[in-house]
Every structure is written in structure tokens, then in C-alpha cells.
Amino acid sequence: MLSRGHLSPTQQKVILAVIFVFLLSLWLLRTIYIPIFVSYFLAFLLNPVVRWFEKRGFGRLGPIFLMLVLLFALLTSFAVMMVPKIFVQVRELLARLPQLMDVLSVRFGPVSQRYLGNDVFTQWKEVLPTMVPESAHFPVMSGILESVLNGTARAISAVLTVLMIPILTFYILKDYYVLNEKLMLLVPRRYVPEVKEVMRRLSIVLGGLIRGQFLVCAILSAYYTVALTAVSVEMSLLLGILSGFLNLVPFVGPLTSLGLTIFLTVLGGGHLTQCVSVLGVYLVANLLDNTLLTPRIVGRQMGISPLTIILALL
């Protein structure tokens, strides 16, 4: 007789087999699952805003439709206006990689030769042209564009998948609580209260953290882009977005983005005053993030006081 809560070896094997089949189906049917998961994730993030409007008498359908229209209009505008510039700046960055390897080889080549027996930076300089050929900096993007122009079935399928996301998100948000109750039917009855409590806490803590961090990263990306453009840093759009989202990695992310920006500034012929200006941009961003953005935005989303967040960051 097994004690309550314990599974027999046969039950464990069945559960492992079910998990394996589920993961295998995720891989084989990923083109179907991906828009569903993305839509549910968006619904998870947007539901608190919808609930806020619902409590004030606006219902669910109107706020859902308005938010999705604004969200996807914003994403479409960003894709049309900014994505081409980002790809151009990525190509400029890739074109500078051999020059970057030359600088690293001069500085650290002797150390690499001494401890590793060869100059790894020179080797990377020789390998880079084969990895990123000059005529095809973006083989994936060029393939997609070629597919779109040729009207292939894969391109049409990709477009339809993208168009399905806002539609699925709308209906998931509309029936958000009903769907969650249906999902609870998959849970053994004796575990339902515990699972509901865990899901409630996840919705508050994890959902608040994701929403807050994403908003902070978006604000910092805009700040970095504008500030780096103001101090005449090349590739400011790419570096600004990269720096904003590297902020997700504490300490290492900001230091990495600062080092990369200063290095590329020097590589592009930047003078000492410009490097000091870049350092000032990142110091101001760090100050704003630690004392204003993260405590106010993330703390409010998670229900934690700004003072607690500031003390935790210290």
C-alpha cells in the first residue's frame, strides 16, 4: 500500500512517458503551439490592465480590443520604421569585427600566445569572413524576404501565424477566467486549492515582475538611444536597444553594454570627451534605474514598496 501523495513505479513511468510525448509534440507541432503560447503569454501580461478597466465599468471587450489595436499598431510602426535601421547598424557592427580582432590581437595576443600557444584573436579574424560573408550578412532575413517576394507557402504560413496572434490573444483575454477554470480540470481534485493559490501568487509576483521589467527595459532603451545619439555615438539605435535589455542581467549587463559602447566609440575614432560623455550617459541611466524606475514600476507591479526595492538593490 502506497502512502498518500506517493506514486508507484508504474505511475512514474506513465507520467514520464506522457511528459516525453508532450515535449515531442511541442517540437513537431511548434508552428501551431508557438502562436498559442505567445497569445496566452500576452493575455497573461495584459489581463491585469483589462481587469482594472472592468472594475471601473468599462467591461472586457472594449478595453481588450483597444489595447490590442494600440499594441500591434505600435509594434507594426516599430517594425516598419526601426527594424531596417537596426539591420543596417548590425551590418556595420559585423563589418567592424575584423578590426575589433586586430585591436584585441595587439593588446592581448601575446598573452594568448603565451598561455594558449596561439593567437586566438588572429584565428577569429580569419574565421569571421567565412561565418559572416560580405554578400550575405543576413542569410535568414534575405531568405525570408526572398520567400515573401516569391509568394511561397512558407512565407504565407509565417504571415498567417503572425496575424493569428492578436486574434488568439483577443479571445483568450475574453474568456481568460473560463479557460483557467477549464485548465484546472486537468489537475487532480485534491490538489486544486494548492494549485490555484500557487497560480494566484505567480500571477501577482511573476506577472508583475515581467511587466515591470519589460517596461523598465523599454524606457531605458529609449533613453539610451536618445542620449547616445545626442553624444554622436555611431550605431546608437542598436546600442541603445541592446543596453536597455541587457539591463535585465544585474551588474553584468550594464557593464557589458558600457564596455561595448565605449570600445566601439574608440574604434570609430571617438575622443576622450566623447568616451566620458558615454560614461555619464550610463551612470545617469544606472542612477535612474536604481532610484526611480525599478522601485516605482517593478515595485508597484509586484506590490512591494519602493524603499524595499532600493534597499534590495543596494
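Helix α4 (residues 83-116) packs against α11 at an angle of about 85°, and the two axes are 11 Å apart. Axes here are lines fitted to C-alpha atoms, for helices over the stretch in contact, and angles run from 0 to 180 degrees between N-to-C directions. That angle makes α4 roughly perpendicular to α11, a label for angles of 65 to 115 degrees. Helices are DSSP runs (H or I, at least four residues), numbered from the N terminus.

The model is predicted: local features need pLDDT of at least 70, side-chain atom pairs count only at pLDDT 80 or more, and totals for chains, interfaces and linings use all residues. Residues are numbered from 1 along each chain as its sequence is written, and side-chain values use heavy atoms, with hydrogens and water left out.

Which residues of α4 and α11 meet? From α4 come Leu93, Arg96, Gln99, Leu100, Val103 and Leu104. From α11 come Phe263, Leu264 and Leu267. Contact means heavy atoms within 4.5 Å. By class, this contact has seven nonpolar residues, one polar and one charged. Ala, Val, Leu, Ile, Met, Phe, Trp, Tyr, Cys and Pro count as nonpolar; Asp, Glu, Lys and Arg as charged; the others, Gly among them, as polar.

Helix α4 also meets helix α10 (residues 236-246), where the axes come within 8 Å and cross at roughly 95°. The pair α4 and α10 is therefore roughly perpendicular as well. Lys85, Ile86, Gln89, Val90 and Leu93 of α4 touch Ser236, Leu237, Leu238 and Ile241 of α10. Six residues of this contact are nonpolar, two are polar and one is charged. Leu93 is named in the contact with α10 and also in the one with α11.

Now follow α11 itself. Its 16 residues reach 22 Å from first C-alpha to last, close to the 22 Å expected at 1.5 Å a residue. The expected span is 1.5 Å times one less than the number of residues. Gly253, Ser257, Leu258, Thr261, Leu264, Thr265 and Leu267 are its buried residues. Buried means under 20% relative accessible area, exposed over 50%, and partly exposed in between (1.4 Å probe, protein chains only). An α-helix has 3.6 residues a turn, so residues three or four places apart point the same way.

Thr265 sits in α11, which covers residues 252-267. Thr265 counts as buried because its relative accessibility is 7%. A polar atom of its side chain lies 2.7 Å from the backbone oxygen of Thr261. Beyond residues up to four places away in sequence, Thr265 touches Val233, Gly270, Gln274, Cys275 and Val278. Just after α11, Gly269 takes a positive phi of about 90°.

Two residues stand out in the loop between α9 and α10. Ser232 is not a glycine, yet has a positive phi of about 65°. Met235 lies in the loop too, and its phi is near 55°, again positive in a residue other than glycine. Are these residues buried or exposed? Ser232 is exposed, with a relative accessible area of 55%. Met235 counts as buried, at 4%.

The last stop is Leu293, in helix α12 (residues 272-302). Leu293 is buried, with a relative accessible area of 12%. Its C-alpha atom is 9.0 Å from that of Leu215, 78 residues apart along the chain. Leaving aside neighbours within four places in sequence, Leu293 is in contact with Val216, Ile219, Leu220, Leu288 and Val298.

Definitions and conventions. A polar contact is a pair of N or O atoms within 3.5 Å; within protein, one must be able to donate a hydrogen and the other to accept it, and residues adjacent in sequence count only if both atoms are side-chain atoms. Angles under 35 degrees count as roughly parallel, over 145 as roughly antiparallel, 65 to 115 as roughly perpendicular and the rest as oblique.
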